[in-house]
Amino acid sequence: MDRTKVDLPLLGGCVCRAVRYSLNGAPLLVYVCHCHDCQSVSGSAYILSVVVRGADLAMTGPVEIFTRRTRRALDVQYRVCAECRCGLTANYAESTDFTSLRAGSLDDASWAVPIAQTSVASAIPWAVIPGVEQVDPKAFDYRKLSAAWVATAPVFAHR
């Protein structure tokens, strides 16, 4: 199998370009979440998340961090641009080891193909992605899904 090659670092930022980031390590997982919280916070049908190691992400510019309790009683920390309010990352408040980038904030997200979609029960029906595994939120296993995604993902390497 010939896998696509993607150069690191991956670059991205907010819509007004006041905040920029550089991802210096390979992503660990790409998935879609259809839960009502993700729909509300994104203003869209779902969020396409790219899970990365927090230590691999360097961000510059005016960032505001706020914590919000989800409907599932989880505290999630969000990073947004303080100027344009564009959402950039989210992570569980008690853990900064891993964070989820909003794929749309990447300069090029063409490689970001999800391996799974979760909270499909609350999905807008037309937004369910055919051919992408549906995983119940209670059975969502980050390690297992990460291993499966990495096995088929592009090869990430520094230029």
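I call a residue buried under 20% relative accessible area, exposed over 50% and partly exposed in between, using a 1.4 Å probe and protein chains only.

Ground rules first. The model is predicted, so I take local features at pLDDT of at least 70 and side-chain atom pairs at pLDDT 80 or more, while totals for chains, interfaces and linings use all residues. Numbering starts from 1 along each chain as its sequence is written, and side-chain values use heavy atoms, with hydrogens and water left out.

**Arg 102**

I looked up Arg 102 and found it buried, at 16% relative accessibility. Arg 102 belongs to strand β10, residues 98-102; strands here are DSSP runs of E, at least two residues, and helices are runs of H or I, at least four, numbered from the N terminus. Then I listed contacts (heavy atoms within 4.5 Å). Leaving out residues up to four places away in sequence, Arg 102 touches Tyr 21, Val 41, Ile 47, Leu 48, Tyr 78, Gly 87 and Leu 88. I also checked Val 76, which is 26 residues from Arg 102 in sequence and 14 Å away C-alpha to C-alpha.

**Aromatic pairs**

I count a pair when ring centres of Phe, Tyr or Trp (its six-membered ring) lie within 6.5 Å; planes under 30 degrees apart are stacked, over 60 edge-to-face, the rest tilted. My search of the whole structure gave seven such pairs. Phe 140 and Tyr 142 have ring centres 4.8 Å apart and planes at 70°, so I logged them as edge-to-face. Phe 140 is buried at 13%, whereas Tyr 142 is partly exposed at 33%. Together with Tyr 31 these two make one aromatic cluster.

**A sheet**

Strands pair if DSSP finds at least two bridges between them. I traced an open sheet of three strands, β2-β3-β6, with antiparallel pairing. Its edges are β2 (10-13) and β6 (57-60), each pairing on one side only. Between β2 and β3 (residues 20-23) I noted four bridges, and Leu 11 has Ser 22 of β3 as its bridge partner.

**Cysteines**

How many disulfides are there? I required a pair of cysteine sulfur atoms within 2.5 Å, and the count is zero. For Cys 38 the closest cysteine sulfur is in Cys 33, at 3.6 Å, too far for a bond. Cys 84 is in no disulfide either, with the sulfur of Cys 16 nearest at 3.7 Å. I have Cys 38 down as buried at 17% and Cys 84 as partly exposed at 26%.
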